[in-house]
Amino acid sequence: MLTEELQNSARTLGEALRASPSMQTYLQAQANCAADLEAADLENHLLALYQELVGRQQRGEALQRSEIDAYNTLKSQVHHTPLIQERDAALRLVKQTFTDIADDLNFPLGTEFAALVQTGNM
Amino acid sequence: MDIQLNPIPVTAAVKADPRQAAQALGRLLRQTPEYEAFLKELNVVNNHPAVQKISTQMRSHQNALRWSPKNASEHETALTRLETELETMPVIQDYRLAEEAVCRMFAEVDTIISQAAGVPFATNAKRSGCGCGG
C-alpha cells in the first residue's frame, strides 16, 4: 500500500505531464481523430482485420496472399490518413517528453523506473 | 492506446513543473523501505563470491555461444544448469523477493501517474530494452 505522500507525488507528476504542451497537442489530435468517423472506421476496420488474420493463423490456417495484400493496403491507407498521421506524430513527441522526464525520476533511484515496472508486469 | 479523457485547459492547479515533480517522486521512492531493502540485497548479490563465480562462468558460456556456435548445446546445457544453481541460492531468492516488492510498488505508482496523465507512463517512457538488477 502506497503512502499518501507517494500517491500525491505520483498524481502531481501525472497531472504535470498531462498539462505539458506535447500531451495537450496529443490529446487534441487524439480527440480530432476520434471525432472523425471516417478515420475511426478505418482504424477499427484495420484492428478487426488484424485480429481476424492473427486468430486464423494461430488456429493453423494458412492465409492467402491476397488477404495479406489487402491488410497491407488498408494499413497503408490508415497510416496515410492526415488526422491519424498527426496523432501518431504527436504521440512520438509525448514519448520523447516522457522519456526525458523519466530520466529525472530515474536519477535519484539509480535505475530505470519504467524497466522495473515492466519487470513487475511480466 | 485507449484515451478516454478529453484535453483539459492548463490551469494553475496542474502547472507543476514535470521535471521537478519527477525528481521529487524519485527521491520519495528512493527513501521507501522497499527500495532500501532492494538496494541492500543488490549490494549483497553484487559482492557475493559464489554469485560472482557463477556469473563469470555464465558470461563465458554466453560469449562462447555468441562468437563460436560450435558445441552450442553443451554451452546451453551448462547455462541452464548455472541459471538454476544461481536462482536456488538463498541470497538470490532474497534479492528476487526484494525486487518483486519494488516492482509491485513501482507498478502502483505507474498506475497513478498514468491515470492522471491520460496515457500509460512507463510504457511510453522506457528507454532501454532490458530490465535492471538481474
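1. **Confidence overall.** The model scores ipTM 0.83 and pTM 0.80. For chain A the mean pLDDT is 94, with 99% of its residues at 70 or more. For chain B the mean pLDDT is 85, and 84% of its residues reach 70 or more.

2. **Where to be careful.** Where pLDDT is low, the predicted coordinates should not be read in detail.

3. **The make-up of chain A.** **The outline of chain A.** The C-alpha trace of chain A spans about 55 × 35 × 25 Å along its principal axes. Its radius of gyration is 20 Å, whereas a compact globule of 122 residues would have one near 14 Å. Of the 122 residues in chain A, 30% count as buried. Among contacts in chain A with a separation of 6 or more, 68% come from residues 24 or more positions apart.

4. **The make-up of chain B.** Chain B is built from six helices and zero strands, and its elements run α-α-α-α-α-α from the N terminus on. Of its 134 residues, 22% count as buried. Taking contacts in chain B between residues at least 6 apart in sequence, 70% join residues at least 24 apart.

5. **How the chains meet.** How many residues of each chain take part in the contact between them? On the chain B side there are 49, and they are in contact with 45 residues of chain A. The elements of chain B that give two or more residues to this side are α1 (18-30), α5 (90-117) and α6 (121-125). Of these, α5(B) gives the most, with 15 residues. By class, the residues on this side of chain B divide into 29 nonpolar, ten polar and ten charged.

6. From α1(A), the residues making the contact include A:L6, A:A10, A:L13 and A:L17, and from α5(B) they include B:V109, B:I112, B:I113 and B:A116. By class, this contact has nine nonpolar, four polar and three charged residues.

7. **A covered helix in chain A.** Is helix α6(A), residues 113-121, mostly covered or mostly open? It is mostly covered, with seven of its nine residues buried. Among the buried residues are A:F113, A:L116, A:V117 and A:G120. What covers the buried residues includes α5 (82-109) of chain A, together with α5 and α6 of chain B.

8. **A buried charged residue, B:E41.** You will find B:E41 in helix α2 (residues 33-46) of chain B. Why does B:E41 count as buried? Because 22 other C-beta atoms lie within 10 Å of its own, and the cut-off for buried is 20 or more. Leaving aside residues up to four places away in sequence, B:E41 touches B:D94, B:Y95 and B:A98. As for B:V109, it is 68 residues from B:E41 in sequence, and the two are 22 Å apart in space, C-alpha to C-alpha.

9. **An exposed residue, B:A72.** B:A72 lies in helix α4 (residues 72-87) of chain B. B:A72 counts as exposed because it has 12 other C-beta atoms within 10 Å, and 12 or fewer is the cut-off for exposed. B:A72 and B:Q62 are ten residues apart in sequence, and their C-alpha atoms are 9.8 Å apart in space.

Terms used. Residues are numbered from 1 along each chain as its sequence is written. Chains are lettered from A and ligands numbered from 1 in the order in which they are written. This is a predicted model: local features need pLDDT of at least 70, side-chain atom pairs count only at pLDDT 80 or more; totals for chains, interfaces and linings use all residues. Two residues are in contact if their C-beta atoms, placed from the backbone, lie within 7 Å. Helices (H or I, at least four residues) and strands (E, at least two) are DSSP runs, numbered from the N terminus. Ala, Val, Leu, Ile, Met, Phe, Trp, Tyr, Cys and Pro count as nonpolar, Asp, Glu, Lys and Arg as charged, and the others, Gly among them, as polar. pLDDT is the predictor's confidence in each residue, from 0 to 100. The radius of gyration is taken over C-alpha atoms; the globule rule is 2.2 Å times the number of residues to the power 0.38.
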